Amino acid sequence: MKRPSVVLASGSATRKGLLERSGVDVDVRVPGIDEAMVTESLVRDQVEPEDIAVCLAEMKALRVGTREPEHVVVGCDQVLWSGGRVFHKAGSIDEARSVLLELRGRSHSLVSAAVAVIGGARTWHATSRAELVMRDFSDSFLESYLARNWPRIQGSVGCYRLEEEGVQLMARVRGDLFAIMGMPLVELLEYLRVRGVLPR
């Protein structure tokens, strides 16, 4: 009997790659959610960062899930915050520079959420978290880092990919590596085994 397929409600190549390298057969559908607008609204309502990540992941999964009712649809989101501020993805190299200057020498938190939807209803969710401290890197390192890595880091909320040169920005990293990469992967794989999508 053919196992149910997974639809990833995300345009993130990193998340797709994580699932594929883990042995998950996955299709991608980009949900078309204005994440910045929704996030700003939730921040104004003083919603906790972890709940913001879950809310955005659920919105993505439900948006795609209504068109894919026979599949397990997984939505994911990631929220970065530091000093009471929630950060957005940088839209330009100048915005990336500003973000990294603000995070330089400071700690920040990352929470990643995943929500599964089947038949238009949420069936599961999980979050994972990491705490990171950026080192006090020089202005010249920052400029050379941006020159080498833009626009590849444009889709990364903290303007870094820890699995690449972004690790050189860090002084300390604690927590779930997969949270940093964008999803609570271990928890998601266990859910997919329980649902029969993956073998137990």
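1. Ground rules. The model is predicted, with local features needing pLDDT of at least 70 and side-chain atom pairs counted only at pLDDT 80 or more, while totals for chains, interfaces and linings use all residues. Numbering runs from 1 along each chain as its sequence is written, and side-chain values use heavy atoms, with hydrogens and water left out. Element names follow DSSP runs numbered from the N terminus: helices are H or I with at least four residues, strands are E with at least two.

2. H2 against H3. Helix H2 covers 35-44 and helix H3 covers 49-65. H2 and H3 pack at about 140°, their axes 10 Å apart (axes are lines fitted to C-alpha atoms, for helices over the stretch in contact, and angles run from 0 to 180 degrees between N-to-C directions). That angle makes H2 oblique to H3; the scheme calls angles under 35 degrees roughly parallel, over 145 roughly antiparallel, 65 to 115 roughly perpendicular, and the rest oblique. The crossing of H2 and H3 is right-handed, a label for a near helix turned clockwise from the far one by less than a right angle, with anticlockwise being left-handed.

3. Who touches whom there. On the H2 side the contact uses Glu35, Val38, Thr39, Leu42 and Val43, and on the H3 side Ile52, Cys55, Leu56, Met59 and Lys60 (contact means heavy atoms within 4.5 Å). By class, the H2 and H3 contact has 7 nonpolar, 1 polar and 2 charged residues. For that tally, Ala, Val, Leu, Ile, Met, Phe, Trp, Tyr, Cys and Pro count as nonpolar, Asp, Glu, Lys and Arg as charged, and the others, Gly among them, as polar.

4. Gln46, in the loop. Between H2 and H3 sits a loop holding Gln46. Gln46 is not a glycine, yet its phi is positive, at about 60°. With 70% relative accessibility, Gln46 counts as exposed (over 50% is exposed, under 20% buried, and in between partly exposed, using a 1.4 Å probe and protein chains only).

5. H4 against H5. Helix H4 (residues 93-103) and helix H5 (residues 139-149) pack at about 140°, with axes 11 Å apart. So H4 is oblique to H5, and H4 passes H5 in a right-handed crossing. Ile93, Ala96, Arg97, Leu100 and Leu101 of H4 meet Asp139, Leu142, Glu143, Tyr145 and Leu146 of H5. By class, the H4 and H5 contact has 7 nonpolar, no polar and 3 charged residues.

6. The loop between H5 and S7. Strand S7 is 170-175, and the loop between H5 and S7 includes Pro151. Cys159 is not a glycine but has a positive phi of about 65°, and Cys159 is buried, at 0% relative accessible area.

7. Leu169. Leu169 is another residue of the loop between H5 and S7, and Leu169 is buried with a relative accessible area of 0%. Setting aside neighbours within four places in sequence, Leu169 is in contact with Leu100, Met134, Arg135, Phe137, Phe141, Tyr145, Cys159 and Tyr160. Leu169 and Leu100 are 69 residues apart along the chain, and their C-alpha atoms are separated by 9.0 Å.

8. Ser112 counts as buried at 0% relative accessibility, and Ser109 counts as buried at 8%. The Ser112 side chain has a polar contact of 3.4 Å with the side chain of Gln78, while the Ser109 side chain has one of 2.5 Å with the side chain of Glu131. A polar contact is a pair of N or O atoms within 3.5 Å; within protein, one must be able to donate a hydrogen and the other to accept it, and residues adjacent in sequence count only if both atoms are side-chain atoms.

9. Around those serines. Leaving aside neighbours within four places in sequence, Ser109 is in contact with Val79, Leu80, Trp81, Arg129, Ala130 and Glu131. Not counting residues up to four places away, the contacts of Ser112 include Asp77, Gln78, Ala126, Thr127, Phe178 and Met183.
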